[in-house]
Amino acid sequence: MKKCGENGGLLLSARRCNGMKQYETVIGLEVHVELATKTKIFCGCSTKFGARPNTQTCPICTGMPGALPILNKRVVELALAVGLAANCQINRYCKFDRKNYFYPDNPQNYQISQLYLPICHDGWLEIETEAGKKKIGIHEIHMEEDAGKLVHDEWEDCSLVDYNRSGVPLIEIVSEPDMRNAEEVIAYLEKLRHIIQYLGASDCKLQEGSMRADVNLSVREMGSSSFGTRTEMKNLNSFKAIARAIAGERERQIELLEEGRAVIQETRRWDDNKETSRAMRSKEDAKDYRYFPDPDLLPVSISEKWLEEIRAAQPELREARALRYQRAYGLSAYDADVITESRHMAELFEETAALCKSPKKAANWIMGETFRLIKERNVEPEKVFFTPGHLASLILEVEKGSISNQTAKEVFEKVFDEDVEPLAYIQAHGLQTVEDADLLGEVLDKVIAANEKAVEEFRSGKEKVLGFLVGQVMKEMRGKANAGKVGELLREKLRQ
Amino acid sequence: MRLLSLSAVELGDKIRKKEIGVEEAARAYLQQMKKQEPKVAAYLTVEEEGVLARAREVQKGIDEGRYTSPLAGVPVAVKDNICIEGVRTTCASRILENFVPTYTATAYENLERAGAVLLGKTNMDEFAMGSTTETSAFGITKNPWNPAYVPGGSSGGSCAAVAAGEACAALGSDTGGSIRQPAGYCGVTGIKPTYGTVSRFGLVAYGSSLDQIGPIGKDVRDCAALLEAIASHDPKDSTSMARQDTDFTKGLAGDMKALRIGVPEEYLGEGISPEVKAAVEKALETMRENGAAVEVFPLGMVDYVIPAYYIIAAAEASSNLERFDGVKYGYRAAEYEGLHDMYRRSRSEGFGEEVKRRIMLGSFVLSSGYYDAYYLKALRVKALIKRAFDRAFKKYDVLLAPSAPTTAPRIGESLKDPLQMYLGDIYTVAVNLAGLPGITVPCGLDEKGLPVGLQFIGDCFQEKKILQAACAYEEMRGKWRLAFEREEV
């Protein structure tokens, strides 16, 4: 690094030479989200992930001559739903444009996208970080098609292309350069992900690529009102990678500026293993896309009625739901927040609560056992598949005293793993508490006889010892007794 | 009357009445092909076995009552940019030399459903870019009236096939006159429908916002019958329209009494050959005598038509033709180093000069910094041209124009000066830019014995008006004998 003053003392004030300059990071995001439609954006092929290569293709999504795109209406609806949730203005008359560039994953060698009249624009999302609440502007949301996937076979030294993903619908959400650090970026992405997941518009998985974020970043001296030159960072596959890339790129740019060099506007590819980025070759980054309106597609005109239908069908989003859980069910803010982290979990909770008429207990089971098993089994919350009615009946059985809490936990594992019907399972495995007074009496006598010292202590007024004795009985009964009832019976017997 | 001289409607009628067998008809055309092809070279692909098998199948269908359309059993040719499943579709380009589609164009599917028998695929200008059929990578089609002359283009193969009696009717495509101009040069009848009337699905795109498939036939009635068969609202083409008025064969017999005909004065001015002008004026006089009110008027915008067309069509073409890259199908260079070299060589070797010229022109007008100055401006001009026609159709039912300023040029003349060739599209391209229907009907011969085409232009969706007018004119003009019929006399 050059020393201060080397660059010509005239340019650098003495104050700046006294220490490192303070820099502010300016970040805007371009987020691609794969929409959860059954079929592709311009043809009837399935969008299902993981099929054998090129089995979900047709003349349209492989760019055959003479094939024409037909817009999937559902894509427009989902894009509108996201736009409305992100407080966007809607372009009631929007158009598709062709973005021309040659690459084998792009069968037509143009991507159908929206440049001139995107479906949504000028929205915002509110994020919350430790520094407080902040609005992040959304410049626009547009619809486009995904490309296929290139597979480089190094063994055979060739590249193969799979067009299953070609034509899968995407929306690109372009933020304003309103974020200043990684924390804000992550909060914005989380917020976006929650909204989109709650809308059912996408599962938003960074690892699987159903959500992809490109980071536009520049730095400027603290207090400056103009922007520095930005770079665009691609290949960010996790929130952690995004945070690392932001730190890395900020540092790289500051270093350049400190050395008196210029930041070049370019696209860079992040390598999360090496924690460095490299500029992509100019060919991968050719900028003249020769956009023009796609003559094969009509402009989309969105009627007030259609928009109204979509507005009316908007589901309750996370914040609203968390608030309702606090108000209606008396959950703590923390619990409500944790439960609504996933829309699926929130729905499980709500249905369970309704069926067992005990929201608190339902919440405890979700927050406790369910999350414990999610962690232990290493499954995603969205993949939890048990029937809420099964958890509800377990809760009710415990309440009735017909199974012990311990037994309920064991049965719940079966519910969680296999969605067994708990009542049948309890019956079949004889797990219900024993009501037989004679059998219970025998066990009580046995425990009293075997624990003379404890019995003595209880009789001399040490109430606490009762718990120990109940435990002993429960142990003998292998948990199949109602602990409350055992306590009562013991108390009675010991008074005799 | 000889089988080959029957119009499609007449032949279909005789087939339904069992006076002529479908196979008999197909064989007659195949026979004529053998005679004419060495001279005309209208076809790129003919599968004789397939033709006869299809003829027998259609005969069976007619006998069983499955095919009832007036066109059942009629042998047709299809331009080689219209995809038919299992049949090689080349667009007369080396880059698609061995391309066999797995799907069928809706327009042809409709024709097939009506029971037409496919004879083969016809030659054309490469990717429909050209006005002479000389840009084909697979040889030049000759004008059946005189093989030293071009048949016009780009649907030159289809028009020559009908003129030479090698097909009873044919499908072509028209982006900037590609049906109407060669129909004029070949002395046959061809219609370009209102944009959106015939599905573009399966038509290999040139200028998507201008392309329309249309019929080429021996007379107006045949064209009406074919258009009725191929027009449909196709869910596979977003730009296709739901029309209730596609019964184009209805009410064709008519007269010209009180028909208001407008003739753009610019179309009879500078650049037109005296012989074409004389033939058109004679036709106008005939119509006048038969009660039509013919008026010459200034249409306006005429000077801007050619530049606007070549900007818009080339821009769309440059993008439409990007898919031909050697990756998925079609021609790939034998030797290359890396991806970009593969693209460069495959496309350099696979495309011909005219196609490359238009790709470059189109890429240029879309590039950043030029988009507004060229492409956007051309779109504005397009809108103004449409407005000029709107004004004209407030006053006139039908507009009349020559289909080209001259009769067919000699082979080899046109490509020497592409700009001059482009200017020859002056009377046809405005119709595409405005999305209008237009039909060419032969109206006479020049001194060389080459046909002159007369174009009837209608307002959007007014096919019936121009079909009726053209039909009435046909009657006044009298029987028109095709090239092969005159030869035999």
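Analyst: Helix H3 of chain A gives the most to the lining of the second largest pocket, with seven residues; helices here are DSSP runs of H or I with at least four residues, strands are runs of E with at least two, and both are numbered from the N terminus. A pocket is found on a 1 Å grid over the protein atoms alone, as an open set of points with protein on both sides within 12 Å along at least five of seven lines, and lining residues have an atom within 4 Å of a point. This is a predicted model, in which local features need pLDDT of at least 70 and side-chain atom pairs count only at pLDDT 80 or more, while totals for chains, interfaces and linings use all residues. Residues are numbered from 1 along each chain as its sequence is written, chains are lettered from A and ligands numbered from 1 in the order in which they are written, and side-chain values use heavy atoms, with hydrogens and water left out.

User: Which residues lie nearest the centre of that second largest pocket?

Analyst: Of the 32 lining residues, those nearest the centre are A:Glu190, A:Lys191, A:His194, A:Arg318 and A:Glu341. The volume of this pocket is about 1,100 Å³, a volume being the space filled by probe spheres set on the grid points, which are joined across faces, edges and corners.

User: And how does its lining divide by class?

Analyst: The lining has 16 charged, 10 nonpolar and six polar residues, where Asp, Glu, Lys and Arg count as charged, Ala, Val, Leu, Ile, Met, Phe, Trp, Tyr, Cys and Pro as nonpolar, and the others, Gly among them, as polar.

User: How many cavities of 30 Å³ or more are there?

Analyst: The count comes to seven, a cavity being a set of points where a 1.4 Å probe fits but cannot get out. The largest cavity holds about 120 Å³ of space, and of its 17 lining residues the closest to the centre are A:Gln108, A:Glu145, A:Asp146, A:Ser166 and A:Gly167. Strand S5 of chain A, residues 110–113, supplies the largest share of that lining, with three residues.

User: Switching to the interface, how many residues does each chain bring to the contact?

Analyst: Chain B brings 39 residues and chain A brings 31, with contact meaning heavy atoms within 4.5 Å. Together the chains bury about 2,900 Å², of which 58% is on carbon and sulfur atoms; buried area is the accessible area (1.4 Å probe) that two parts lose on being put together, summed over both.

User: What about salt bridges across it?

Analyst: The rule finds two between chain B and chain A, each a side-chain nitrogen of Lys or Arg within 4 Å of a carboxyl oxygen of Asp or Glu. A:Asp296 forms a salt bridge with B:Arg200, and their closest N and O atoms are 3.1 Å apart.

User: Where is there a cis peptide bond?

Analyst: A cis peptide bond joins B:Gly153 and B:Ser154, with omega about 10°, and B:Ser154 sits in the loop between strand S3 (117–122) and helix H5 (156–163) of chain B. In chain A, A:Asp157 has a positive phi near 55° although it is not glycine.
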